[in-house]
Amino acid sequence: MAVRPRRGRSRTNDPEAMRRRVVEVAAARFQQGGYHASSMHAIMAEAGVTGGALYHHFRSKKSLALAVIRDRVRAEVRETWIDPVLAAPTALAGVRRVFAGIQAGIDRRGAVDGCPLSNLTLELATVDPDFRREIQRVFTEWRQALAGKLRADVAAGRLHKIDPEKVATLIIAAYSGAMAMAKAEQGSRALRTTLKQLLSSLAASVIRPG
């Protein structure tokens, strides 16, 4: 997952578009350099807004970071993980598809910025309880979506009885760890290995047709 700002400046007579632009620029800067290294002045300059316009929407850097988590990181998790898994024929097929897509993106770019959610978790979860609560909400939504898909597979006779919540937690933890290693290595090897071992460990739960 990689958060990138969309091109183009917000019109000054469109406050909501300006707000989105600021959030997008902040999300990209937090992803590339971290929250603490990103100044409000630099975000303001890149977004092309005045200080008054910026602080009209965001009273502080903290409020801007909370908006990034709610508006951008949460949407990124939905787009990259939740929606593809829910649209797949089975949960494991969806997981395989997600890993493959992220691997392909890393190989194409030749660089890894890491998972935006994991990056902010490592930097902010112990800094402030408000940050921690918003981050937990994203992880909870992610886990519950995967668990729901796994539960549906069990009900449909595609999986032997498992604990959907625990398996969903395993998938997210495996992915998050693999992305941290991929960021350190600047390559997709850890993702490939993790997916192979993850699917192998869950293979006994799959009910084969016939």
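Tutor: What follows is a set of questions and answers on a predicted model.

Student: How many aromatic pairs does the structure hold?

Tutor: The model is predicted, and side-chain atom pairs count in it only at pLDDT 80 or more. On that basis the number of aromatic pairs is eight.

Student: What is the geometry of the pair formed by Tyr-35 and Phe-131?

Tutor: The ring centres of Tyr-35 and Phe-131 are 5.6 Å apart, and the angle between the planes is 70°. Planes over 60 degrees apart count as edge-to-face. The pair of Tyr-35 and Phe-131 is therefore edge-to-face.

Student: How many residues apart in sequence are the parts that this pair ties together?

Tutor: Tyr-35 is in the loop between helix H1 (15–33) and helix H2 (40–47). Phe-131 belongs to helix H7 (residues 129–155). The parts tied together by the pair are thus separated in sequence by 96 residues.

Student: Is Phe-131 buried or exposed?

Tutor: The cut-off for buried is under 20% relative accessible area. Tyr-35 has 9% and is buried. Phe-131 has 2% relative accessibility, so Phe-131 is also buried.

Student: Why is the pair of Trp-142 and Tyr-175 edge-to-face?

Tutor: The ring centres of Trp-142 and Tyr-175 lie 6.0 Å apart. An angle over 60 degrees between the planes counts as edge-to-face. The pair has that label because its planes are at 75°.

Student: Which helix holds Tyr-175?

Tutor: Trp-142 and Tyr-175 are both buried. The pair links distant parts of the chain, 33 residues apart. Trp-142 is in helix H7, while Tyr-175 is in helix H8 (residues 164–185).

Student: Which residues do ring pairs link into a cluster with Trp-142 and Tyr-175?

Tutor: Trp-142 and Tyr-175 belong to a cluster linked by ring pairs.

Student: Which residue lies over the face of Tyr-35?

Tutor: A Lys counts as over a ring if its NZ is within 6 Å of the ring centre and within 35 degrees of the ring normal. At 4.5 Å from the ring centre of Tyr-35, the residue over the face is Lys-61.

Student: How do the residues lining the second largest cavity divide into nonpolar, polar and charged?

Tutor: The second largest cavity holds about 30 Å³ of space. Its lining consists of Leu-92, Leu-150, Leu-159, Ile-162, Val-167, Leu-202 and Ser-205. By class, the lining has six nonpolar, one polar and no charged.

Technical notes:
Residues are numbered from 1 along each chain as its sequence is written. Side-chain values use heavy atoms; hydrogens and water are left out. Rings of Phe, Tyr and Trp (its six-membered ring) pair if their centres lie within 6.5 Å; planes under 30 degrees apart count as stacked, over 60 as edge-to-face and the rest as tilted. Helices (H or I, at least four residues) and strands (E, at least two) are DSSP runs, numbered from the N terminus. Buried means under 20% relative accessible area, exposed over 50%, partly exposed in between (1.4 Å probe, protein chains only). On a 1 Å grid over the protein atoms alone, a cavity is a set of points where a 1.4 Å probe fits but cannot get out, and a pocket is an open set with protein on both sides within 12 Å along at least five of seven lines; lining residues have an atom within 4 Å of a point. Grid points are joined across faces, edges and corners, and a volume is the space filled by probe spheres set on the points. Ala, Val, Leu, Ile, Met, Phe, Trp, Tyr, Cys and Pro count as nonpolar, Asp, Glu, Lys and Arg as charged, and the others, Gly among them, as polar.
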